[in-house]
Protein chains: 2
Amino acid sequence: MVQQQAPGLRVLVIGAAGMIGRKLAAAFAARGSVGSSPIAHMTLADVVAPPVPEDGVVDAIETAAVDIADPASAAGLVAPRPDVICHLAAVVSGEAEEDFDKGYLVNLDATRWLFDAIRAASADGSGYRPRVVYASTLAVFGGPFPDRIGDEFLTAPATSYGTQKAIGELLVNDYSRRGFMDGISLRLPTICVRPGAPNKAASGFFSNIMREPLVGEPAVLPVSDTVRHWVASPRSAVGFFEHAAALDTSRLGVRRALNMPGLSITVAEQIEALREVAGPGAVELIRRERDPLVEEIVSGWSEDFDPRRAEQLGFEADASFEDVLRVHIDEELGGRLEAWEGR
Amino acid sequence: MVQQQAPGLRVLVIGAAGMIGRKLAAAFAARGSVGSSPIAHMTLADVVAPPVPEDGVVDAIETAAVDIADPASAAGLVAPRPDVICHLAAVVSGEAEEDFDKGYLVNLDATRWLFDAIRAASADGSGYRPRVVYASTLAVFGGPFPDRIGDEFLTAPATSYGTQKAIGELLVNDYSRRGFMDGISLRLPTICVRPGAPNKAASGFFSNIMREPLVGEPAVLPVSDTVRHWVASPRSAVGFFEHAAALDTSRLGVRRALNMPGLSITVAEQIEALREVAGPGAVELIRRERDPLVEEIVSGWSEDFDPRRAEQLGFEADASFEDVLRVHIDEELGGRLEAWEGR
């Protein structure tokens, strides 16, 4: 079959059923372009078929239920020669720690199969060399930390998930240096406020103590309110991917993994922002109940960054945590706090 | 066959036909112990059967021709449950750059198969958890560099070889953290003086300009004599492996990759040491003939380190470059310079 070359970009999002993946697909569909290049076609892939964004200006959107842990999947995803590939599919931290084989299979092997499929496609003489935006994580770092983590701090992960992501970053760098692709790795902050049901992940409380009170529900704070962490809203995270997809990568050199900007904020500051945005009644719904296990896990996390390179390249963090809450109210609660205000 | 458990350690050296591997095998055989633990048995493996050390106090030494690029090899190497595994087998820098697939196969896949075979063995309930000493390299680093590279500098390799070794280090850390093995990665300096025939690798001249004049032969210096690099003698490198094999790894924490000590020395200082040890006639055998390609490659290499962690853990560099030359004369020239002095 002759492949008709459509004008405009072909975009592939892998992991498009996940929280960030869905929002990213919706943002691409709404904007209809990557930078100044119009999007002609989008493929949204995940292990279950992702939803098609409800609104937008991209007509040609297809969804695909693809298990990247099947070695045969990657060639199929790359066959239509997507110009932009956002790779967000992963086994998350807790599961990669519980199931060693599954974590390495999905987070390392499947990523390498994808990159090797791109490499094979790039060898056909057509000059194919897609932009690849790889979702990485601050979990590539492990303590002890300096007060602020700079752009040249070592990757010494304290989890298998962080290890697998650090390896993925190295592959992005090498496969890009060799000319097979044009990659960039985004080390995402803790995403807050995460929508959806309360999450039992160790980091879940950062979102729970905001999201639940905003709809009049109680939430548990398992750590001291002096705990500091590095956060970005889902909207900022989506913005990082869009910016990376359109970035002039000649400015990156061979170091293609970037610490994304965020807010360094304590739990106490989060709570004050909640008071500011939703009033004291919301704050009263937070119950303090220390959990030594969560406290120990969180004590090993990085608190503050100096993400100078990403900032110089135009990546932008949220302006304030109040803004983060307003983004959540806007995106998830239809812009209103009525469920809670009704009390 | 019932495996008789001999008293003392079982030692496995993979890559035992290589320059450092042979010297390491000879050192283990001569000492007959790892730290204070006697060696009961040694297996020396390489893609061709390595030589058996001529002297020594270890009676049970077997050699094995094993291609680690065959996925079935690893289980066989691990089956006798070696207590100490030194893994030095690798495709070198130039070849890994020329043959992408071979580099990833040997330096990444085969390393992972080895570690997975250890993991499988460790799961049998016997408490098996071998010491693994992994040969890594300063090529895990890429420029731009600080004046001195500290222990927390990022790994941003500029070659596929460096990428593969950086990934190996991450696996050593994670597999050790998970309790499958007790690993340590040694980032070796440039080894100088390398014995053997003149080497066309970009780094070869660092050794050539010493080794050849020491036997009365000419050698070409392709770079300015202001070029600075980080070197260790083969004897020091062997010492690093022996020290790592016996180290108390509880002092390492989760960061198990260490920058090895060395000498930061310019080519001019090398030449002065040669004059000191072998006289002005030796120095006159060095012909200066700049090679822009070699100059460009070498300009991307690290020059100086502050290997504080390794030093605190008892790893020791050569005392001076004169000593490095004397080690070479001692080990490779029978302690004498007669071939040259005869002129």
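**Close-up views of a predicted two-chain model**

**View 1. B:Glu169 and what it touches.** Setting aside residues up to four places off in sequence, B:Glu169 makes contact with B:Ser136, B:Val140, B:Ser185 and B:Ala257 (two residues are in contact when their C-beta atoms, placed from the backbone, lie within 7 Å). Keep in mind that this is a predicted model: local features need pLDDT of at least 70, side-chain atom pairs count only at pLDDT 80 or more, and totals for chains, interfaces and linings use all residues. As for the labels, residues are numbered from 1 along each chain as its sequence is written, while chains are lettered from A and ligands numbered from 1 in the order in which they are written. B:Glu169 sits in helix H5 of chain B, residues 160-177 (helices, H or I, have at least four residues and strands, E, at least two; both are DSSP runs numbered from the N terminus). It has 27 C-beta neighbours inside 10 Å, so B:Glu169 counts as buried (buried takes 20 or more other C-beta atoms within 10 Å of a residue's own, exposed 12 or fewer, and partly exposed is in between, with C-beta atoms placed from the backbone). B:Leu186 is 17 residues away along the chain, and its C-alpha is 8.9 Å from that of B:Glu169.

**View 2. How the two chains are related.** Turn chain B by 180°, shift it 0.0 Å along the axis, and it lands on chain A with an RMSD of 0.0 Å (superposed by least squares on C-alpha atoms of residues with pLDDT of at least 70 in both copies). That is the relation of a two-fold axis. In chain B, the C-alpha nearest the axis belongs to B:Leu154, at 2.0 Å.

**View 3. Where chain A meets chain B.** Chain B puts 18 residues into the contact, and chain A puts in 18 residues. On the side of chain B that touches chain A, H5(B) gives the most, with seven residues. That side of chain B splits into nine nonpolar, five polar and four charged residues (Ala, Val, Leu, Ile, Met, Phe, Trp, Tyr, Cys and Pro count as nonpolar, Asp, Glu, Lys and Arg as charged, and the others, Gly among them, as polar). Of the interface residues of chain B, 100% are also interface residues in chain A, so the copies meet through the same surface.

**View 4. A:Ile14 in the nonpolar core.** The largest nonpolar core has 208 residues, and A:Ile14 and B:Ile14 touch the most other members (a core is a set of buried Ala, Val, Leu, Ile, Met, Phe, Trp, Tyr and Cys residues joined through C-beta atoms within 7 Å). Not counting residues up to four places away in sequence, A:Ile14 touches A:Ala45, A:Ile68, A:Leu77, A:Ile85, A:Cys86, A:His87, A:Leu88 and A:Ala89. In soluble globular proteins, nonpolar side chains tend to be buried together.

**View 5. The E8-E10-E12 sheet of chain B.** Three strands of chain B make an open sheet in the order E8-E10-E12, with mixed pairing (strands pair if DSSP finds at least two bridges between them). Its edge strands are E8 (190-191) and E12 (263-266), each pairing on one side only. Strand E10 (residues 228-232) of chain B pairs with E12(B) in the antiparallel sense, over four bridges. Look for B:Arg228 here: B:Thr266 in E12(B) is opposite that residue.

**View 6. The two domains of chain A.** The assignment for chain A gives domain 1 (9-191 + 232-259) and domain 2 (204-231 + 263-301 + 319-341) (bounds come from an automatic or database domain assignment). Eight residues from domain 1 of chain A and eight residues from domain 2 of chain A form the contact. The domain 1 side of it divides into four nonpolar, three polar and one charged. Between the C-alpha centres of these two domains of chain A there are 28 Å.

View 7. Most residues other than glycine have a negative phi, and most peptide bonds are trans. A:Arg81 is not a glycine, yet its phi is positive, about 55°. A:Arg81 lies in the loop between helix H2 (73-78) and strand E5 (84-87) of chain A, and with 16 other C-beta atoms within 10 Å it is partly exposed. The peptide bond from A:Cys192 to A:Val193 is cis, with omega near 10°. A:Val193 belongs to the loop between E8 and helix H6 (204-214) of chain A.
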